[in-house]
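Welcome! Please open the structure in your viewer and get ready to select a few things with me.

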Amino acid sequence: MANLKALADAVIKGDQSTAVQITKAALEENMPAKSVLNEGLIAGMDVVGASFKKNEIYIPEVLIAARAMKMAMEILEPELVKAGVKPIGKFLIGTVQGDLHDIGKNLVAMMLKGAGFEVIDLGVDVGPEKFVEQVKTQGVHVVGMSALLTTTMPGMEKTIRALKEAGVSAKIMIGGAPVTQGYADKIGADGYAADAASAVDMVKSLVA
Ligand code: B1M
């Protein structure tokens with residue numbers, strides 16, 4: 001019988017082929033897709049997030065684990081849709097206007113996918129109008145903004161103002177190397193996270 005603990009371990013080790021092989025075997029044995037997701041893939045990414053937070057592993061290991069999870073998810077996703085399993089929330093993220101840094105933003109997006117969220121990634125250099133338009137049309141629960149430059153941080157404040165003027169009810173969180181909790185409080189963001197693992201905890205608390 002397919003072993004979901006071994007699937008979680010394969011994600012933790014970033015072992016793509018084993019993750020894919022166990023996912024396929026589990027589905028062939030008619031294991032519920034939701035169990036494969038929660039007890040295998042998400043359980044593995046939870047461990048990765050916790051280890052990253054404690055500085056026991058670093059960005060390359062997280063990226064390798066996320067890639068293993070992504071490959072297995074490609075097999076699992078159609079089965080989750082068939083079974084009517086809904087994501088735990090919709091998260092939209094982008095790097096703010098004028099800013100082209102996306103490594104941290106991508107990591108946050110991957111970790112949230114790993115935690116069971118549907119993630120819409122608008123990419124880099126995203127202006128307030130695009131955030132507003134996408135948040136309104138996509139039914140998003142949490143909007144995330146990333147900035148790596150002190151010169152582009154004001155784009156977060158502009159976007160929050162535009163979202164509020166547009167009457168958007170989604171929660172807003174921000175992050176990126178120069179961003180602080182104090183800045184988040186100052187510009188009226190609902191949440192801030194210093195790293196990708198903390199971003200998952202923050203988004204979970206914002207949708208709770
Ligand atoms: Co640029 N760059 N860069 N750069 N770059 C920095 C950020 C800089 C600190 C370097 C320096 O001078 N020491 C400096 C900014 C100074 C400042 O404003 N404070 C800088 C500069 C000045 C520039 C240019 C202006 C350089 C120039 O052209 N003169 C230019 C700007 C271009 C633009 O954006 N318009 C520029 C360009 C580039 C590259 C294109 C070459 C490249 C980006 C490639 C890419 O992203 N695809 C680049 C890089 C790689 C860096 C450094 C070296 C690394 C950034 C990175 O990816 N870190 C950086 C110096 C450094 O940090 N050592 C630097 C790894 C990443 C995982 O961390 O993004 O912080 P980070 O994400 C973390 C957390 O911050 C958090 O979680 C992530 C994972 O734990 N997080 C969130 C991020 N977003 C979050 C969102 C959340 C929550 C948490 O909620 C929504």
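This tour starts at the ligand and then moves on to a strand.

Keep in mind that this is a predicted model. Begin by selecting the ligand and what surrounds it: 27 residues, with Leu 100, His 101, Asp 102, Ser 146 and Thr 150 the closest. Colour them by class and you will find 16 nonpolar, 8 polar and 3 charged residues.

Next, look at some polar atoms. A backbone N or O atom of Leu 100 is 2.6 Å from a ligand oxygen. Ser 146 places a polar side-chain atom 2.8 Å from a nitrogen atom of the ligand. At Ala 177, a polar backbone atom lies 3.2 Å from an oxygen atom of the ligand. Helix H5 (103-114), strand S3 (142-146), strand S4 (171-175) and helix H9 (196-207) each give two or more residues to this shell, and H5 has the largest share, with 4 residues.

Now zoom in on the cobalt atom. Which protein residue is its only donor? Select His 101: its NE2 atom sits 2.2 Å from the cobalt. His 101 belongs to the loop between strand S1 (90-95) and H5.

Finally, show the neighbouring strands. S1 pairs in parallel with strand S2 (residues 118-121) over 4 bridges, and Ile 93 has Asp 121 as its bridge partner. Together, S1, H5 and S2 make a right-handed β-α-β unit. S1 also runs parallel to S3, joined by 5 bridges.

Methods. Residues are numbered from 1 along each chain as its sequence is written. This is a predicted model: local features need pLDDT of at least 70, side-chain atom pairs count only at pLDDT 80 or more; totals for chains, interfaces and linings use all residues. Side-chain values use heavy atoms; hydrogens and water are left out. A residue is near a molecule or strand if one of its heavy atoms lies within 4 Å of it. A polar contact is a pair of N or O atoms within 3.5 Å; within protein, one must be able to donate a hydrogen and the other to accept it, and residues adjacent in sequence count only if both atoms are side-chain atoms. Ala, Val, Leu, Ile, Met, Phe, Trp, Tyr, Cys and Pro count as nonpolar, Asp, Glu, Lys and Arg as charged, and the others, Gly among them, as polar. Donors are N, O and S atoms within 2.8 Å of the metal (3.2 Å for Na, K and Ca); water is not among the atoms, so sites may look incomplete. Two strands pair if DSSP finds at least two bridges between them. A crossover is right-handed if, with the strands pointing away from the viewer, the path from the first strand over the helix to the second runs clockwise.
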